[in-house]
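Here is a short note for a colleague who has not seen this structure before. The points can be read in order.

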Amino acid sequence: MRSEFWTLPLSELDQQEWEALCDGCALCCLQKLEDDETNEVWYTGVVCRYLDSKCHCKVYDQRHEKVPNCVQLTQARIDEFHWLPQTCAYRLRAEDKPLPSWHPLLAGSRKKMVRKGQDVWAVAEVTDDMVPEEDWQDWLIFKA
Ligand code: SF4
Ligand code: SF4
């Protein structure tokens with residue numbers, strides 16, 4: 001991978017650099033709701049049942065079959081990244097903003113990110129097999 005590839009435009013990243021840009025926060029594994037009137041996307045404290053305590057997907061190879069709305073971030077969808085969390089590395093770079101100092105690529109590990117409460121387990125409250133979908137609106141935590 002190229003030195004400081006995370007400062008390059010997303011469109012110039014190769015596949016390996018693209019994958020490495022993810023900070024592993026797993027905030028995108030929170031369930032989201034879209035406001036019908038404003039089209040605003042809200043994140044809830046309800047997290048996908050397949051996420052483990054270390055922010056790894058337990059069903060990674062079958063995730064799109066198990067969870068049809070599981071996020072797949074590709075270069076072709078850059079224009080849609082505005083619904084990602086504001087701290088997401090892909091959204092930040094799509095908006096030509098720098099990565100935060102706690103990003104593992106800059107900090108050298110996940111420790112600073114976790115210490116600063118930037119990973120999903122700092123905000124997730126329940127898993128989506130514990131709360132019926134019609135009640136997710138009671139768990140809103142932040143706007144995309
Ligand atoms: S929110 Fe963005 S940076 Fe965080 S895990 Fe999801 S894709 Fe990666
Ligand atoms: S299936 Fe895996 S990657 Fe997809 S939302 Fe659930 S935990 Fe996250």
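1. Asp96 is exposed, because it has 8 other C-beta atoms within 10 Å. The cut-offs used here are 20 or more such neighbours for buried, 12 or fewer for exposed and anything in between for partly exposed, with C-beta atoms placed from the backbone. Asp96 is not a glycine, yet its phi is positive, about 60°. The residue sits in the loop between α3 (89-94) and α4 (104-107). Helices are DSSP runs of H or I of at least four residues and strands are runs of E of at least two, both numbered from the N terminus.

2. The model is predicted: local features need pLDDT of at least 70, side-chain atom pairs count only at pLDDT 80 or more, and totals for chains, interfaces and linings use all residues. Residues are numbered from 1 along each chain as its sequence is written, while chains are lettered from A and ligands numbered from 1 in the order in which they are written.

3. Glu4 also has a positive phi, about 50°, although it is not a glycine. Its place is in the segment before α1 (15-20). Glu4 is exposed, since 9 other C-beta atoms lie within 10 Å.

4. The protein chain has five helices and four strands. Along the sequence they follow the pattern α-β-β-α-α-α-α-β-β.

5. Strands β1 (residues 30-34) and β2 (residues 41-47) run antiparallel and are joined by four bridges; strands pair if DSSP finds at least two bridges between them. Lys32 has Tyr43 in β2 as its bridge partner. The two strands form a hairpin with six residues between them, and Asn39 in the turn has a positive phi of about 65°.

6. Which residues come nearest to ligand 1? Of the 13 around it, they are Cys22, Asp23, Cys25, Cys28 and Cys88. A residue is near a molecule if its C-beta atom, placed from the backbone, lies within 6 Å of it. The shell of ligand 1 divides into eleven nonpolar residues, one polar and one charged. Nonpolar covers Ala, Val, Leu, Ile, Met, Phe, Trp, Tyr, Cys and Pro; charged covers Asp, Glu, Lys and Arg; the others, Gly among them, are polar.

7. Buried residues make up 22% of the 144 residues in the protein chain.
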